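Colleague: Can you walk me through this model? I am new to reading structures.

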Amino acid sequence: MRKILVIFCAVVLLWACSESEEQKLHISKEQKLAMAREDSAALKIAVLPTLDCMPLFVAKELHLFDTLKCDIRLKEYNGQITAEDALRKGQVEGMVTDLIRGERMKQKGFALTYKIATGQYWQLITNRNARIRELKQLDDKMIAMARFSVTHAIASKAADSVKIPAERVFFIQINNVPLRLNMLENNQMDALVLPEPQSSIARINRNRVLLDTRKLDMQMGVVAFATNAVKTLERKKQVDAFVKGYNAACDSINKNGLGHYSQLLVRYCKVKEQYADSVTADFKFTHAQGPREKDIQAAEKWINNL
């Protein structure tokens with residue numbers, strides 16, 4: 001009788017545990033569904049580990065979007081191609097990118113709306129150990145960039161300006177921005193096209209700048225939205241709130257200085273602690289306005305001439 005009672009208690013205990021686990025699993029599924037619904041309703045922006053995303057990082061850290069009672073979420077990617085893929089698949093509604101990639105998407109039938117010109121600039125930087133002091137020395141050298149982007153355009157412009165034959169300069173596709181900088185630090189590349197803050201770090205380490213988009217009067221950085229993803233009234237309200245939060249973040253950076261947010265460079269831009277306070281301060285953080293028409297036309301022309 002005692003054995004029967006023990007067995008019965010064990011069965012009851014197992015049944016209770018099993019029910020508890022099933023319940024937990026059921027709750028977990030419900031929570032996941034709720035989270036998925038919330039994520040779907042939120043306005044999601046693909047961001048990169050670059051300085052033009054700093055207003056978005058600051059807005060997140062200061063809860064500026066929450067203050068505006070708007071659910072805006074940042075999705076982090078290491079390069080434009082993966083961010084663009086997320087936009088195409090509807091995983092995000094907007095992304096930080098450049099006009100050349102944007103115009104290429106548009107030419108392939110994907111409708112985009114440019115909401116903000118970010119002020120990002122790019123520099124062609126050579127490895128100090130390669131001792132490249134002028135553009136003509138890029139002959140038979142490797143340049144890291146991302147294809148069909150402003151980095152590709154700058155690398156091409158550098159080679160074309162000194163009439164280096166196409167087969168004599170090697171464009172190496174490195175979409176991942178932090179990896180591109182690492183390749184410079186590890187002497188794996190002769191030259192690279194970098195945005196900020198990666199270009200600041202390259203300069204700090206005494207690598208030479210041969211081209212700068214600011215001197216070429218190229219303003220290519222943008223925040224773009226998938227036009228079809230932000231057509232509803234609710235989405236339009238979210239985009240408006242996003243712009244307000246972006247502007248407030250720009251004001252905060254300009255008031256407090258970039259150094260005040262150096263830890264965000266470490267966290268989001270993957271900048272090493274030793275460089276966080278040395279990143280250039282001449283980056284312009286201005287209120288949201290669309291890109292210049294001449295920059296859109298220049299991007300479209302470059303894509304057409306490929």
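This is a predicted model: local features need pLDDT of at least 70, side-chain atom pairs count only at pLDDT 80 or more; totals for chains, interfaces and linings use all residues.

Colleague: How many helices and strands does the protein have?

Modeller: There are 11 helices and 10 strands. Both are DSSP runs, numbered from the N terminus: helices are H or I with at least four residues, strands are E with at least two.

Colleague: What share of the residues is buried?

Modeller: Of the 306 residues, 48% are buried. Buried means under 20% relative accessible area, with a 1.4 Å probe and protein chains only.

Colleague: Now the sheet. What is the strand order?

Modeller: The order is E2-E1-E3-E10-E4, an open sheet of five strands with mixed pairing. Two strands pair if DSSP finds at least two bridges between them. Strand E2 (72-76) and E4 stand at the edges with a single partner strand each, so one side of each has no neighbour in the sheet.

Colleague: In which sense do E1 and E2 pair?

Modeller: Strand E1 (residues 43-47) pairs with E2 in the parallel sense, over five bridges.

Colleague: Changing topic: is helix H5 mostly covered or mostly open?

Modeller: H5 (residues 99-107) is mostly covered, with seven of its nine residues buried. Among them are Leu 99, Arg 101 and Glu 103. The cover includes helix H4 (80-88), strand E3 (94-98) and helix H11 (293-304).

Colleague: And what sits at the start of H5?

Modeller: There, a side-chain oxygen of Asp 98 comes to within 2.9 Å of the backbone nitrogen of Ile 100. After H5 comes Gly 109, with a positive phi near 95 degrees.

Colleague: Last one. Where is Asn 127?

Modeller: Asn 127 is in the loop between strand E5 (122-126) and strand E6 (141-145). Asn 127 is buried, at a relative accessible area of 3%.

Colleague: Which residues is Asn 127 in contact with?

Modeller: Leaving aside neighbours within four places in sequence, Asn 127 is in contact with Leu 184, Asn 187, Met 189, Asp 190 and Asn 207. Contact means heavy atoms within 4.5 Å.

How values were computed:
Residues are numbered from 1 along each chain as its sequence is written. Side-chain values use heavy atoms; hydrogens and water are left out. Buried means under 20% relative accessible area, exposed over 50%, partly exposed in between (1.4 Å probe, protein chains only). A polar contact is a pair of N or O atoms within 3.5 Å; within protein, one must be able to donate a hydrogen and the other to accept it, and residues adjacent in sequence count only if both atoms are side-chain atoms.
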